[in-house]
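Subject: Handover of the structure and findings

Dear colleague,

Please find the structure below, together with its sequence. My findings follow it, and I would ask you to read them with the model open.

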Amino acid sequence: MALSILKAQIPFIKLLLLFLLGIGDGARILAPFFLPVKSHFMMTDAIIRELVKRGHEVTFITPLSLAKENLGPKYREILLPKYDTWADISAIMKIQSALDMIDMTKLTHMRLAQHIGIKSTDFALAHPEVQELIHAKDKEGKFDLLLVEQFYNEGALMLGYLYEIPVITIATFAYANYFSQVFGFVNPLAYVPNVFMASTDRMSLWERLENVLLSTAEDVVREVSYYPQQDAVIRKHFGLILPQVPTVKQLEQNISVILLNSYLPLTSPRPMTQNMISVGGLHILPTKSLPEHIGSYLDNAEHGAIYFSLGSQVRSADMPPEKLRIFLEVFASLKQRVLWKFEDDQLPNLPENVRAEKWLPQADILAHPNVKVFIAHGGLFGMQEAVYHAVPVLGLPFYFDQGINIKAGQAAGYAIELDYRTISKDLLSSALHELLTNPKYQANMDNASRIFRDRPLGAMDTAMYWINYVMEHRGAPHLVAAGVHLPWYQFYLLDVTAIIMAIILLPLLAFYAVSRKMKSMRGIRALEKEAKYE
Ligand SMILES: *[C@@H]1O[C@H](CO)[C@@H](O)[C@H](O)[C@H]1NC(C)=O
Ligand SMILES: *[C@@H]1O[C@H](CO)[C@@H](O)[C@H](O)[C@H]1NC(C)=O
């Protein structure tokens, strides 16, 4: 009797147990993000906020705190003291401000990114609270998913290995050619330019040559210098607790999904594996109303307005006086109003139609119908906002992917590029005039905007879908292409190529050998004949 009552209660008891264990009540996500580069967190923070909002428990390891947003009890933060990347970069490169990075070679740039990646990984893994996570006695069932940045911080993948949980990476930049090896597909260098090159998908012969050389150099540098350094950092922090420490390459083979900060038409079409998911623009929120003084300034711009910002890294305030003068004098000659993100208190000789502010709500400004041109450095997030809100761009690229982003805009006819180093009053004035008066830029931008917005599922919903998918399917190993497990000679079919070459070459060689033999035999016979007649 008692037994049958108990039996009847089983479904209820199961439910109760599930409830007590907290299953079905949101997952527990560990999110170590080590790289202290502010712009990258526009994407990361947006994802973290959304995960918490949807009831997941998130442990965020970050150099940039979200504490003052009061995300509630589901949010736990491990705040890393800030490793000063900029001091490091300026010391190595002997430069004064980010403006000077415009002269860096592509390879130097690549090495620099790797350098700050290694340093920030080492720095973060040594932090006491991260050490606590590493050395925790009972790791089983503590977390359901690891979310990490795909940017030279591969040491963080070790937390997924230790806690035995699936891994999703987030590429806050759009795309890198080395994804080929990491996700197991052969990347067509004929039309996919390296992110460090300012090229479109239509490359000249010389551009394709540069692309092959640069992408190969990147692969070789990763192989012989970068991976060994990152492996050494991993051994330093995990060697004592593990008999056998996996390598970065082994860890990378277990990445379930990568979320890419890209979407058409900002990134050109290209082959990707099924676990590479484009979610570009997920940081863009529904438009909010502008602060009163900015709102009325733009509302009353009867000839339209220009918005000018060089992003969070490059500071307008670092420009030398002769460059500032060019901008100020050209702006003074315009009918339009100009809103300038300028990081110092003082900007002398400000014309009447120019307003400078230290911080501006960029996306909401670009959403204002009176904003006609965006003067930008071409950072990915700003370009996405420009395309989303359909504002033509005057691009002044400085480094990294800024060149390639502006080139894409120029090719699509919604941007004009100027070189900051050679900018003059005439060049700036005629570029602005062209953007403000020739309607084709706005028309092209309207089309790009329609393409960028038209998706089966919104950017953030897509990211959330795949995060849940990976947990639902326990890491979803069925998504991972077999290419990640192949040795390089199989991956590039060099073994097959060798056989085909052999099949073609062997008969030729044989033929050559036989004909030489026959020739020399004929030669001998002729000699013998000659000898006879003498
Ligand atoms: C990769 O995943 C498999 C299956 O979950 C696991 O057994 C293995 O230890 C993981 N390896 C690494 C290096 O993460
Ligand atoms: C924009 O798209 C429309 C419809 O697809 C097309 O007819 C038009 O030519 C395009 N405009 C430009 C400037 O490309």
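Which residues of helix 17 are buried? In this predicted model, they are Ala459, Ala463, Met464, Trp466, Ile467, Val470 and Met471. Helix 17 covers residues 459–472, and its 14 residues reach 20 Å from the first C-alpha to the last, close to the 20 Å expected at 1.5 Å a residue. Viewed down the axis of helix 17, the buried residues fall within an arc of 165°, so they line one face of the helix. An α-helix has 3.6 residues a turn, so residues three or four places apart point the same way. The partners against which the buried residues of helix 17 pack are helix 2 (41–53), strand 4 (145–149), strand 5 (167–171), strand 6 (255–260) and strand 7 (276–278).

The chain as a whole

The chain contains 19 helices and 13 strands. Its C-alpha trace spans about 115 × 95 × 45 Å along the principal axes. Of its 534 residues, 37% count as buried. Among the contacts with a separation of 6 or more, 65% are between residues 24 or more positions apart.

Helix 11 comprises residues 321–332; its 12 residues reach 16 Å from the first C-alpha to the last, close to the 16 Å expected at 1.5 Å a residue. Phe327, Val330 and Phe331 are buried in helix 11. These buried residues fall within an arc of 105° when seen down the axis of helix 11, so they line one face of the helix. They pack against strand 9 (337–341), strand 10 (354–357) and helix 15 (425–437). The face of helix 11 turned away from the buried side carries the exposed residues Pro321 and Glu322.

Backbone features to inspect

Most residues other than glycine have a negative phi, and most peptide bonds are trans. The following places depart from that pattern.

- Glu164 is not a glycine, yet has a positive phi of about 50°.

- Ala476 is found in the loop between helix 17 and helix 18 (488–491), and is partly exposed, with 18 other C-beta atoms within 10 Å.
- Arg474, which follows helix 17, has a positive phi near 45°.
- The peptide bond from Leu264 to Pro265 is cis, with omega near -5°. Pro265 is placed in the loop between strand 6 and strand 7.

Other loop positions

Met272 also has its place in the loop between strand 6 and strand 7. Met272 is partly exposed, with 18 other C-beta atoms within 10 Å. Although Met272 and Asn187 are 85 residues apart along the chain, their C-alpha atoms are separated by 8.4 Å.

Is Ala156 buried or exposed? Ala156 is buried, because 27 other C-beta atoms lie within 10 Å, where 20 or more are required. Ala156 lies in the loop between strand 4 and helix 6. Leaving aside residues up to four places away in sequence, Ala156 touches Pro32, Phe34, Thr121 and Val148. The C-alpha atoms of Ala156 and Arg525, which are 369 residues apart along the chain, are separated by 77 Å.

The ligand and the annotated region

Which residues surround ligand 1? They are Tyr161, Pro246, Gln250, Leu251 and Asn254. This shell divides into three nonpolar residues, two polar and no charged.

The unreviewed UniProt entry places the feature "transmembrane region" at residues 491–514. In the model, this span is 92% helix and 0% strand, and its end C-alpha atoms lie 37 Å apart.

Yours sincerely,

A colleague

Technical notes: Residues are numbered from 1 along each chain as its sequence is written. Chains are lettered from A and ligands numbered from 1 in the order in which they are written. This is a predicted model: local features need pLDDT of at least 70, side-chain atom pairs count only at pLDDT 80 or more; totals for chains, interfaces and linings use all residues. UniProt positions are given in the numbering used here, feature names are shortened, and annotations may be inferred rather than shown by experiment. Helices (H or I, at least four residues) and strands (E, at least two) are DSSP runs, numbered from the N terminus. The expected span of a helix is 1.5 Å times one less than its number of residues. A residue is buried if 20 or more other C-beta atoms lie within 10 Å of its own, exposed if 12 or fewer, and partly exposed in between; C-beta atoms are placed from the backbone. The arc is that of the directions from the helix axis to the C-beta atoms. Two residues are in contact if their C-beta atoms, placed from the backbone, lie within 7 Å. A residue is near a molecule or strand if its C-beta atom, placed from the backbone, lies within 6 Å of it. Ala, Val, Leu, Ile, Met, Phe, Trp, Tyr, Cys and Pro count as nonpolar, Asp, Glu, Lys and Arg as charged, and the others, Gly among them, as polar.
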